[in-house]
Amino acid sequence: MLKIENLSVAVNGREILHDINLHIRPGEVHVLFGPNGIGKSTLMSAIMGFERYEITKGKIYFKGQDITNAPVFERAKLGIGIMIQRPPTIRGLSLRQMEGICGATPEETEHMAEWMGLNKFLDRSVNEGFSGGEIKRSELLQLMAQKPELLLLDEPESGVDVENIALVGRAANYILNSATAACGKACDRPCCPHNFKDVQVNPLGKSNRSGLIITHLGHILKYVPADTGHIVFDGTLACSGDPEEMLSCIGQSGYEHCIHQGCRRWKK
Amino acid sequence: MSVNKEKLTEALDKKAIYGEDLNFTSYDDNDTMRIKSTDELSAGGKKKLERVGIELDEAGRSATFVQVDNAAVTVNVKKDTPLVLMNTGDAAKAFPELVEKYWWKAVSPETDKYTAKTALEKETGYFIHVKAGTKISAPLQACVFMGHEDQLQRVHNVIIMEEGSELNIISGCASDPTVENGVHIGISEFFIGKNAKMTFTMIHSWGEKVAVRPRTVAIVDEGGLYMSNYVCLDKVADVQMYPTCRLIGKGATARLNSILVAPEGAHLDIGGKAILEVSGTKAEIITRSISTGGTIINRGLLQGLAEGVRAHLECNGLMLNDKGRIYAIPELDAHTGNSELSHEAAVGRIAPEEIEYLMARGLDEEAAAATIVRGFLNINIEGLPESLEKKITDTLDTFTYNKGM
């Protein structure tokens, strides 16, 4: 699905990431751990192709296609969808209109907004006056409409209250597992929005969709099972392995210790 | 008309405070009625009327007024609609007592050469009178059309809204597509009575070299609401106006919204003034302006003369081109300690992160920019009747954004 080879990325002329290699296969969900400001978001932004992030070396392939220099919208059209941490406000563009841009029909929009508890937000300008948690839910609503094959989530649970973490997690899981075909009212698959509340964690391997998630606390992993974790450190992927083990090690002893102690153990 | 002819003739030389000084001599200001009905308008002319919100079949409208050059061509009130609509000149003859009370009482005829010129010549324009307690739901449409090259067009409008009355007006001003040059002078005096409500939505689509000099003053009494929306998206050489709203009764409210686009060669000097004369009055002036190469001067003044007034002024501009200019001059003038006046002004270009955000949702760069521009111009105007809101959105939808335009 996504293959990154020897990728170096610079921001404002300063190299943030060096020689990154990452391979996400269809159906796989990977997690990025690491301290703040280390380059996790930079990697995600480079995958999406945002202009500020200059690729100084290496290649990005998506579904076998070299997208290293492709414009953002082409990557979106190819099937990459992103939730950035602090999306801008688009004044005068309603969330409802935005859903249309993302490809949802008016009925789908109503339906999915209800699931995400965002009906009252549909006619407000995108992100205007939204709280942190509302932004996350609105981003997921847009991604539900966009139906990406590769889902990039940058800290999906930050700013989300305890009650809504499950909703955010399930929504992410829905995007990763739902079929591309629109769900009709009669659909009884658990992935369809109207069956959405009953969605338990789906076993992996059912879907060909992939994900890359940045998380600090890992709450999202209760709802979205991930199969590989990576610790980003000093501009590289310092080590990769089982995300649950990694998370508990980081929680107990911190990033640096885990990199020194654990990497060998986690190496596949 | 209680005007002093001698003083007025002197005022004919009086330059306006703002805007380029216009010389009337090169224009034709005769009052010939060149066509007898809007059916005789060119196909292009009819299209322009539609563009500024005028429905030629008059179906959804309570009344219709059309002035072509300096003659009133259509003055129609739907059967059983309780309002008076007349040509101002005819109304002046019919109701001398109203002339005494209202004519030139909001706008001084000696303000500048434009008001003086209009006061001295034969009157045309619309007179609208809505009696106390009368609420009219379908909008009245009034159109002032320039059909003739080098025309000097004069308009004097008087609207009287008596206590508790309600009316929505679409005022569309346009010129025939064949008209390049011309001068339009529009004097408007609006009297909004106690608890009366008037929405005035003006859409302009003039010829490329036309100069426009509206002079508008609205006086709003206790509990009254005056809502003015101005939309100018098409290229026009030179517009200068500074509409004023005087809030003279407790609880009177004014809202002035403007949506302006200045292509290269356009000069828009547009202001908005609210004078809060008594306590408990409120005003809001919001302007969104876009320069695609032209100049926009955006003036705004909130004057709080009494205790406990509240007003907000907002002028935001987007520069889509390095050639243009947006000059925002918001002014606040508080005369007492207990008034709440605020303003917000921002001029910039489209933020790249907004473009990228929309690109990440699948729009190409141009479509993303166009979406942002349309959103920027889309002021959410609270309390606007649906038909007027639709007209504004429809007009905005026709606005195309070209990079490097």
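How many strands form the open sheet of chain B, and in what order? In this predicted model, 10 strands make up the sheet, arranged as β2-β1-β5-β7-β9-β11-β14-β17-β19-β21, with mixed pairing. At the edges stand β2 (71-77) and β21 (339-348) of chain B; each has a single partner strand, so one side of each is left without a neighbour in the sheet. On average, and with direction ignored, neighbouring strands of this sheet are turned by 10° against each other.

Strands of a sheet pair through backbone hydrogen bonds, in either a parallel or an antiparallel manner. Within the sheet of chain B, strand β5 (residues 140-146) and strand β7 (residues 166-175) run parallel and are joined by seven bridges. Opposite B:M146 stands B:S175 in β7(B).

Two helices of chain B lie across strands of the sheet. Helix α2 (residues 43-51) of chain B lies across β5, β7 and β9 (197-205), and runs at about 145° to β7(B). Helix α8 (residues 386-397) of chain B lies across β7, β9 and β11 (225-232), running at about 20° to β9(B).

Chain A provides an example of helix packing. Helix α4 (residues 106-115) and helix α5 (residues 132-146) of chain A pack at an angle of about 140°, and their axes are 10 Å apart. The two helices, α4(A) and α5(A), are therefore oblique to each other, and their crossing is right-handed. On the α4(A) side, A:E108, A:M112 and A:A113 meet A:L141, A:M144 and A:A145 of α5(A). By class, this contact has five nonpolar residues, one charged residue and no polar residues.

Technical notes
Residues numbered from 1 in each chain as written. Chains lettered and ligands numbered in written order. Predicted model: local features only at pLDDT ≥ 70, side-chain atom pairs only at ≥ 80, totals over all residues. Pairing = 2+ DSSP bridges. Helix = DSSP H or I, 4+ residues; strand = E, 2+ residues; numbered from the N terminus. Axes fitted to C-alpha atoms, helices over the stretch in contact; angles between N-to-C directions. Contact = placed C-beta atoms within 7 Å. Parallel < 35°, antiparallel > 145°, perpendicular 65-115°, else oblique. Left-handed = near helix turned anticlockwise from the far one by under 90°. Nonpolar A, V, L, I, M, F, W, Y, C, P; charged D, E, K, R; others polar.
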